[in-house]
Amino acid sequence: MTAAAIVARALARPWPRVQEVKQMKPLRILVVEDDVVIGGLLAETLEDLGHVVCAVETNAANAVAAAARHHPDLMIVDVGLGEGSGVAAVREILRDGFVPHVFATGDTLRDLSLGPEAVLIQKPFRGPDIVQAIERALATKPTGAGSAPELR
């Protein structure tokens, strides 16, 4: 089974929202995911949680343009974007000011240098995992000008 199929199945699984999710202020969220199925399911999950998904982008250039256009409250970004890097896209976006962000990856978590304020979520993930990652990202304060993650 492909990583995309595993994530899609995990996101589609029902989960007990009332017990697991605290009421959260609705956020404008930019989703950056190169797999269209995963991006769509993630957007649907976020909207079910009461958030507004301002855009779902599949590549770094479109993500940077969407962030400039929509000024999201939060970004959820795939680390590896087919031909590009989600980390590079976030680095570019953060040049205009800090935006809380969650990185998602289906790869192993070793050797990722994403910066001190980065929150990382491992695929496959479920709704409660997303809620927890969002809460951690919102609690994170920028550490310096731009606060861009390091690329290594």
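**A buried lysine and its surroundings**

In this predicted model, Lys123 counts as buried, at 12% relative accessibility.

Q: How far apart in sequence are the parts that the pair of Asp78 and Lys123 ties together?
A: Asp78 forms a salt bridge with Lys123, and their closest N and O atoms are 3.3 Å apart. Asp78 lies in strand β3 and Lys123 in the loop between β7 and α6, so the parts they tie together are separated in sequence by 45 residues.

Q: Is Asp78 buried or exposed?
A: Buried means under 20% relative accessible area. Asp78 has 5% relative accessibility, so the residue counts as buried.

Q: Is Arg95 buried or exposed?
A: Arg95 forms a salt bridge with Glu92, with the closest N and O atoms 2.6 Å apart. Glu92 is partly exposed, with a relative accessible area of 34%. For Arg95 the relative accessible area is 57%, and the cut-off for exposed is over 50%. Arg95 is therefore exposed.

Q: How many residues of strand β3 are buried?
A: Leu74, Ile76 and Asp78 point one way from β3, whereas Met75 and Val77 point the other way, and all are buried. For β3 (residues 74-78), that makes five of five.

Q: Which strands are joined to β3 by four bridges?
A: On one side of the list is a strand in which Val32 stands opposite Val77 of β3. Another strand holds Val102, the bridge partner of Ile76. Both pairings are parallel, and the strands are β1 (residues 28-32) and β6 (residues 101-105).

Q: Which helix gives the largest share of the lining of the largest cavity?
A: The largest cavity holds about 30 Å³ of space. Ile76 and Val102 are among the residues that line it, together with Leu42, Ile121, Phe125, Ile130, Ala133 and Ile134. The lining divides into eight nonpolar residues, no polar and no charged. Three of the lining residues come from the helix in question, α6 (residues 127-139).

Notes: Residues numbered from 1 in each chain as written. Predicted model: local features only at pLDDT ≥ 70, side-chain atom pairs only at ≥ 80, totals over all residues. Heavy atoms only, no water. Buried < 20%, exposed > 50% of the residue type's maximum accessible area, 1.4 Å probe, protein only. Helix = DSSP H or I, 4+ residues; strand = E, 2+ residues; numbered from the N terminus. Pairing = 2+ DSSP bridges. 1 Å grid on protein atoms, 1.4 Å probe; cavity = no way out; pocket = protein on both sides within 12 Å on 5 of 7 lines; lining within 4 Å. Points joined across faces, edges and corners; volume = space filled by probe spheres on them. Nonpolar A, V, L, I, M, F, W, Y, C, P; charged D, E, K, R; others polar. Salt bridge = Lys/Arg side-chain N within 4 Å of Asp/Glu carboxyl O.
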